[in-house]
Each structure stands twice: as C-alpha cells, then as structure tokens.
Amino acid sequence: MLSDIEIAQSCKLRRITEVAKECDIPEEYVEPYGHYKAKIDLKYYDKIKNNEDGKLILVTAITPTKAGEGKTTMTIGLGQALRKIGAKTMICLREPSLGPVFGLKGGAAGGGYAQVVPMDDINLHFTGDMHAITTANNLICACLDNHIYQGNELNIDPTKIVIKRCMDMNDRALRNITIGKGKGNGVEREDGFNITVASEVMAILCLSTSLEDFKSKISNMVVAYTYDDKPVYVKDLNIVGALGVVMKDAVKPNLVQTLEGGPAFIHGGPFANIAHGCNSLIATKMALKMSDIVVTEAGFGADLGAEKVI
C-alpha cells in the first residue's frame, strides 16, 4: 500500500496554466510560481464579481482529535467526486502551518487519493504567504519596541503590550521570554512568541477583501495600551504603508490542483480557537463567482470553526 507522499509524487500534474484555463481565468491574471502553483491577481475578481454565486458546502466534524479527523481529506474527496459527475467545482482550503506539519498531525494536504498537489510544496514554503505574515507581525513588534526605546512619544506602558512576536513553528521554549536584556538592546520586558497562524495579522488577512482593505483593518489593530490605559493602534506607529508592501502578494489566492487535476484555492488559515478558522474570504468569494459548487472546511469541530462560518 502506497503512502500519501508516494501517491502524491507518482501523480502526473497538469501545468497550472491548464488548471487556470479550465477555470476560465485569463492568462493575464495568472502569476505562476513554477509549473504547478500560481497566484491569481485580485483584479480578476473585479472582472467576475457580478457573476451569480455558486453553492457553498462546508465540511466540519463533531469533535476534533489530536491526530486530526480528516476534514481536509473529506473536502478534497467530495470536490473530486462532484467534478467527476460533471459539476463545475472548486475546493477552498487553508494553508498548512509548519507547526502541525512537523508535529503530531503532520501535513494538511489531504490523504490517500484525496490530496492537493504539489503536496510537499504546499506543506512547506508554498508561495511565501506564511513568511509575509510572520514578517508583518514581527515588523509591528520591532517598531513598537524601538518606539519605546527611542523615547516613547506615545506613552506606551511596556507591561501592557498585547501583541507577541510569531514564527511558523512549534517552539515551546519561546512562548514566554524576556527581551531587551543588555545595554543598548531596548527596554527589558516580558514577551513571547505565538505560532504564525495564531496571529491577528493572519486573521485580518483572511477577513480582508483587498490589499487596501487589509491596510485599513491592520491600521486599527490594537497593539498596546498607554500608562493611562488608552489603546495604541498600528496606525500610531506610522508603518501601515510598509505592512502593505510586505503583504502585497500574500493577499492573492493560491491556485493548485487535486490529484485528479481539479482546481483548488489554498489561501490563509487562522486557527479556529483564536479566530474564524477558515481559508481567506478573498479565495472563497472568488471561487463562488467561478464555479457552481465550492467545497470548503472549517477548523476544529462544529462548536468552533463551523459555528463561526454560520
């Protein structure tokens, strides 16, 4: 019996330009990342936004388990089956986090003969979205600490900073740390790291409808409080433009394919215990305008991800 990775690697992939052509996406809106992955320009949504929406199918589960309960595999399998009987179908999935990939759950590209491919790329660095989100989050943190060190014009209380740094990895030793130790290294305070998919930047990306909408939402993100308990926003740090540059490509949905060559968007993926636990709103809205049926999933169990979708 072949393993998941052996099945995926034995599959003959279609060029991503062929997959895009099946979806009626003009070549000018397709930005290939190699032969089998692509980002879709958001200008394409403007072209199709008046199309009638297809039907949305949400896959959930009763109780989440440590090893995962197979929602992704079910989503892909159902999408492949619908395409097999002639329905114009698209799949929308979350991007895997390297934490679970190297942890107990493993990858998040499905299993058996219900997978999205190239599986190894999707599970690892993919098109760089996770790096962009990590960078944006940590840019906010760096500028916040530097502001305090350079005189603290905003009167920020270092004990009331509510944003943490992040990385796309399970690293228990970094959950609670002390930073700024040593002369010239900033103000010493307690801090810590979250995993990238549990960051507010990830949640904001997945609820945004454009780059400008992302910048508007991120500008109003609270990062700290002053000594007199007034909120400090990202816009107070004057870095919204820089964050937009970092995220300019990450806001675009990623197009890949199933083992049977059907189209799939994989974009974003906040954890359902800290946010809504679904792929990006941009990807879902675009897919609904492009197909008769969209199959997607919600994180964790029905009492978390699915409730938030509804």
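Mentor: Two strands count as paired if DSSP finds at least two bridges between them. Keep that in mind, and remember that this model is predicted.

Trainee: What makes β14 and β15 a pair?

Mentor: Three bridges join β14 and β15, in the antiparallel sense. The cut-off is at least two bridges, so they pair. L255 stands opposite F265 in β15. In the hairpin of these strands, four residues lie between them, and G261 has a positive phi near 90°.

Trainee: How do you know that β4 and β15 pair?

Mentor: Apply the cut-off again. β4 and β15 share three bridges and run parallel. L93 has I266 in β15 as its bridge partner.

Trainee: Why are both faces of β15 called covered?

Mentor: Look at each side. P263 and F265 are buried on one, A264 and I266 on the other. In a regular strand, side chains alternate between the two faces of the sheet.

Trainee: What makes β7 and β13 edge strands?

Mentor: The open sheet has the order β7-β12-β13, with antiparallel pairing. β7 (156-161) and β13 (231-233) each pair on one side only. Neighbouring strands in this sheet are turned by 50° against each other on average, direction ignored. Between β12 and β13 there are three bridges. In β13, V232 is the bridge partner of A224.

Trainee: On to α4. Why do its buried residues line one face?

Mentor: They are K71, T72, T75, I76, G79, Q80 and L82. Viewed down the axis of α4, they fall within an arc of 170°, so they line one face. The general rule is that an α-helix has 3.6 residues a turn, so residues three or four places apart point the same way.

Trainee: What do those residues pack against?

Mentor: Several strands, among them β3 (55-59), β4 (89-93) and β14 (254-258).

Trainee: How does the length of α4 compare with expectation?

Mentor: Its 14 residues reach 20 Å from first C-alpha to last, close to the 20 Å expected at 1.5 Å a residue. G86 follows α4, with a positive phi near 100°.

Trainee: Why is C11 called buried?

Mentor: Buried means under 20% relative accessible area. C11 has 18%, so it qualifies. C141 has 2%, so C141 is buried too.

Note on methods:
Residues numbered from 1 in each chain as written. Predicted model: local features only at pLDDT ≥ 70, side-chain atom pairs only at ≥ 80, totals over all residues. Heavy atoms only, no water. Expected span 1.5 Å × (residues − 1). Buried < 20%, exposed > 50% of the residue type's maximum accessible area, 1.4 Å probe, protein only. Arc of directions from axis to C-beta. Contact = heavy atoms within 4.5 Å. Axes fitted to C-alpha atoms, helices over the stretch in contact; angles between N-to-C directions.
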